[in-house]
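Try each task before you read its solution.

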Amino acid sequence: MATTNGSNDLSSEMEVDAFRRLFPLRFHERHLLESIRPDGRPLGRARDTTISLGAVASANGSALAKIGCTTMLAAVKLEVMTPKAESPDEGCIAIDFHMPPICSPLVRPGRPAEAAPVITKQLTDTILSSGMIDLKELSLVSGKAAWMAYLDIYCLDADGALFDAALLSAVAAFSHLQIPVVSLNDDGRIVLISEENSGAMWEKEPVNKEKRKLKLESVPFSLTCLLHKNYILADPSDEEESIMETFLTVVLDSSFQLVSLNKPGGPGLAHTSAIQDCVGINKTESERTSEDIG
Amino acid sequence: MAGKISNTPATYTPSPTSQDKKRPSIFTGSDWVRPDGRGLHQCRPAFLRTSAVNSASGSAYAEFGNAKVIVSVFGPRESKKAMMYSDIGRLNCNVSYTSFATPIRGQASDSKDLSSMLHKALEGAIILESFPKTTVDVFALVLESGGSDLPVVISCASLALADAGIMLYDMVASVSMSCLGKNLVIDPVSEEESYQDGGLMITCMPSRNEVTQMTVTGEWSTPKIHEAMQLCLDACSKLGKIMRSCLKETVSATQE
Amino acid sequence: MDEKREDGRAVTQLRPLSCTRNVLNRAHGSASFSQGETRILAAVYGPKAGTKKNENPEKACIEVIWKPKSGQIGKAEKEYEMIVKRTLQNICLLNVHPNTTTSIIIQVVNDDGSLLPCAINAACSALVDAGIPLKYLAVAISCCISEDEDCILDPNKLEEQKMKALVYLVFRNSIMSVLDEESTQVGESIENGIVTSVTHGVMTVNNYFRCLEQGRAAIKPLSDFLRKKLQSKVQSDVSVAG
Amino acid sequence: MVGLSLGEKNFIKGGIAQDIRTDGRKRLTYRPIFVETGVIPQASGSARVKMGATDVIASVKAELGKPNASHPDKGKVSIYVDCSPTAEPTFEGRGGEELSMELSTALQRCLLGGKSGAGAGIDLSSLSIVEGKVCWDIYIDGLVVSSDGNLLDALGAAIKAALSNTAVPKVQVAANASLDEQPEVDVSDEEFQQFDTTGVPVIITLTKVGRHYIVDATAEEESQMSSAVSISVNRQGRICGLTKRGGAGLDPSIILDMISVAKHVSEQLINKLDSEIAAAEACEEE
Amino acid sequence: MEYVSPEGLRLDGRRPTEMRQLRAEVGVVAKADGSASFEMGNTKVIAAVYGPREVQNKGQQMNDQALVRCEYSMANFSTGDRMRKPKGDRRSTEISLVIRQTMEACILTHLMPRSQIDIFVQVLQADGGTRSACINAATLALADAGIPMRDLVTSCSAGYLNSTPLLDLNYVEDSAGGPDVTVGILPKLDKVTLLQMDAKLPIDIFENVMQLAIEGCKAVANYIREILLENTKQLEFRRGV
């Protein structure tokens, strides 16, 4: 690395960690020149992703997703509701994204993190508009009872790309969701039928005959990219996000239709070519990730 | 496209059909049979891991049966501006539950109470003089409640403090006990807790043989308290050893 | 493409615009912006001393408060606040007044579609009115893809609900004279870069780029309108001072 | 907060070590207890307890409610404590909330027994009116008017006095109600029922200062404590609850010793309280 | 509803211009610098004064006068129906403000610059006229704390129901929805410092009602003076003067 001016001379004598803290932007830009990132990734590469299903026993469906260090725990709980009059055959999905104080030094108890409601809104928009879940599948008795799926996502460790990880865990939790066997009792309430007495005579025909999974059509995959000068950094870490502040999140479904393209301002501009590149990276990374998970 | 979350209708969790609720067997006079098949004085298997959260100064994950807890420790860092000068450090604790922690959504116990209990259990073990003017934040999240949540949180928090390099007099281990009829059961699960006639929780520093926190509810005779305390203290020292070995593992792993 | 919309507009036709500056007495700057029936009132207070917690004190801090027409602030409003804030960060010269906070209050007067673009246009006018140093003007527009794959500009509420997909776009306005070194180096003009993009609904990638082009083409009249409205006030101020 | 000089601190500690406290008491002596009942006319029962400069009021209100699904044959009792800023300026606004909550939970733990309801000072089954449908909800509210240490013991005593002062109206249940409907309940205006308060325990807080522990510590003495243990004991000498108030660790044998001391002290305290309550009731009837 | 019987008696048996039984006690909170309890019939309040002392929040410090603060709180059991949230509601905030402004007007704040005086009033029983009772209790507590004042502020309310001016309304009369005039006076200076009314009333009747309230205030002032004199005698006696 050639040094060009005085302060760079100083930096060459400094310890790496000190340089990283004092001149974070310069530290990262030097890496970018070499087309590598501080954690050893090439620019367009996302971090390793793992998913484990069924992490929460008390929920109907749950998943733990990790992208690098960013960890999300998502769980779906089913409750019964009376469907709305305008859509008697549809269930409902309520999504909530939480950032408890354990996930980041910036979040303090009592004051919810600023990002949490924004991500909740974006997740709700994305999941509902992607058409991944047919709300009719959540219906039990037309006009009388339907499932309300409460999806709660907890960020356990925040290290960048929160939306990507949250969406991944949400999709995984829905894929793990099992709808229990229930029947309608005399009071018009829905009751569970436990497995032991499933062999016995049912007083009433069960509404939902067997345990089943939801059909997931066109699963959305999200990838956030950082735009900095001419560089595009896929799947930024928390440190990268705080230094280079322009992100672009692309969500594509399984047939590569655009579900969401979100660039909420930020100091930099996104040119058409950059957008095309981001879409391209999303396609390759979504394939890689699905191979990862298997 | 419209936001479906607005004006969420009233919902309920479907209850099981089987109406013949099993009455606890203590009412029939026989010995209590534990729902998970353990012996009366046998603790649940404990799984402990440190450094579960990357962005915290120290953290730990604990799993005792179904009870799953993450604790993050931040600091020592700047105290809140409104705080007055203090020549010893401050400890700030917070416990919260996920909304899916309990079988019925959003029925978690009072987290304020738990936070203050956690604070009391830990304050006697931390060398607060070692970080004057600053605050150590201990935040716990109960991912899933499975009975004896508070003891699990306390033990896990002590592990996280050690992981963060906060000076401690000793590790803090905590175990609780339920009194069901004439039986004493250690490390109760949620179901046992809901039937209990009395409960006893001990938080202690095993190598110093000091109790930092103790609570008793329900009616107890003195000999019974003696017996329960002894059982809990023995279990605490065992748990202390497990915690110690867990810390050693992490250290040796990082040294390699 | 020549099929008319319900309100008689052509597909690429915008609703009538209006912009009034300095509508509030006590605010440091204010503007009222309307696109058809959608109307937003924006007020600017600041720069005030000090930044909020967790913000960089070496730069100016921008704070956006979104007041809905009725009811309380919910998640949607929080998202709008975040988008407007980050959009304005793009156009403001943040290095000029370090360690200060500028508050922008956005009051929804009436919502008839394209709410967010209208709010951004109003906020931008209010910032000019308050004399906050800006690099450019932000110009916002919404496009949507209809059931028969048409690309429609500036939809009203009814149209928004019927659309397959919807895109909110924010561009920088066309600069008149001063050359921007950076942009020539990049090889693409500043006007082509998107400041903000928010989408709802599923569409093909190609359709997105169609929206982008349509939106970009419509920026010119919008940005001319803004410039004219904002210049007129400056001139009248100068004449009063003279 | 109590601001004490080094000399004062040593004086307090030295006095405790020599079994003569600053106000002349021995380590295990209470301050004179003053009980007044029926102080709040609109409550079902109320009492005011003064111990030295500590002054607390407890009121009991009974309302008709629905029993919990998990315990259909039992009523509900809840205890709330509020710390008035008159007692301490730091309780202003939300400042007293933390202490209020701590006292409330400690009282609940000491008086309400285990989850199954066993060992409770108040027999919850006696509060049931129609199983699964109607029961009494007892709200116990404590108010700290003036504080000079040992709030928990004082509140415990005030609640005990208020409960023995409590009269719950007799209720008649309409017999013809069907199973599903909420039965109609007729609350009598004239006939009242007294509570059985013999089972209500007393709370004894042992404050450890130096190597010794004392009962009924004043605020100044509390500022010198290393730890404190509150033990509730009933008339039969059985432990009904115990909480430790944080602070330094204690050897288990010390805790056991404290329990036996508390049992010993409790006998005197219960007798003292009973006679005070009886005197107060007599005074009120006059 | 009939609030005044044909015989000219009110619901609780008082005459229209009769006040409820007053009872006051000084020094009820041992640790406070000054304290008092004040009862008007079934309304019972306690006031405690802390200060003048160091200003807690330095930003509020004033270099030419003392900072006076007031907090009004109601006990959970003070009303007929049990209150769930006793603190920080709008009514409490408003009454806190009224009491603060009233007391500030009579305290010689310029004598205690850079200091703070806290007045805490706690309602134990509410049966109408808590505002007046709180002001009276606060006056006594301030006097007990030895804080220099221009004069004792005393307060009383009066209302107008069934075409009759009524002195010192209780809860039932207060909730009848008629006009309720609360007056605070400086009796020696013969000046009004507080006047509140939230209903429509012809001006000539208003004058009558206000005059009645002022008479009430004067009666309260006499009683308060007696209590303070008695208290001072006790103190003298204890000192052995």
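Helices (H or I, at least four residues) and strands (E, at least two) are DSSP runs, numbered from the N terminus, and two strands pair if DSSP finds at least two bridges between them. This is a predicted model, in which local features need pLDDT of at least 70 and side-chain atom pairs count only at pLDDT 80 or more, while totals for chains, interfaces and linings use all residues. Residues are numbered from 1 along each chain as its sequence is written, and chains are lettered from A and ligands numbered from 1 in the order in which they are written.

**Exercise 1.** Find the hairpin of β9(D) and β10(D) and work out which residue takes a positive phi.

Solution. Start with the strands: β10 of chain D covers residues 212-215, and four bridges join this strand to β9(D) in the antiparallel sense. Within that pairing, Val209(D) has His212(D) as its bridge partner. Two residues lie between the strands, and Gly210(D) is the one with a positive phi, near 65°.

**Exercise 2.** Stay with β9(D) and describe its other pairing and its two faces.

Solution. First, β11 (residues 227-233) of chain D runs antiparallel to β9(D), with seven bridges between them.

**Exercise 3.** In what order do the five strands of the open sheet in chain E lie?

Solution. The order is β1-β2-β3-β5-β4, with mixed pairing. At the edges are β1 (22-26) and β4 (67-74) of chain E, each of which pairs on one side only. Stepping in from β1(E), you meet five antiparallel bridges to β2 (residues 34-40), where Ala24(E) is partnered by Phe38(E).

**Exercise 4.** Is Ser237(A) buried or exposed, and which residues does it touch?

Solution. Locate Ser237(A) in the loop between β13 (231-234) and α6 (238-243) of chain A. It counts as buried because it has 23 C-beta neighbours inside 10 Å. Contact here asks that two C-beta atoms, placed from the backbone, lie within 7 Å. Leaving out residues up to four places away in sequence, Ser237(A) touches Asp39(A), Gly68(A), Asp159(A) and Gly160(A). Of these, take Asp159(A): its C-alpha is 5.4 Å from that of Ser237(A), though 78 residues separate the two in sequence.

**Exercise 5.** Describe how chain B meets chain A.

Solution. Begin with the totals: 35 residues from chain B and 42 residues from chain A take part. On the chain B side, β7(B) gives the most, with four residues. That side has 16 nonpolar, 16 polar and three charged residues (Ala, Val, Leu, Ile, Met, Phe, Trp, Tyr, Cys and Pro count as nonpolar, Asp, Glu, Lys and Arg as charged, and the others, Gly among them, as polar).

Methods. A residue is buried if 20 or more other C-beta atoms lie within 10 Å of its own, exposed if 12 or fewer, and partly exposed in between; C-beta atoms are placed from the backbone.
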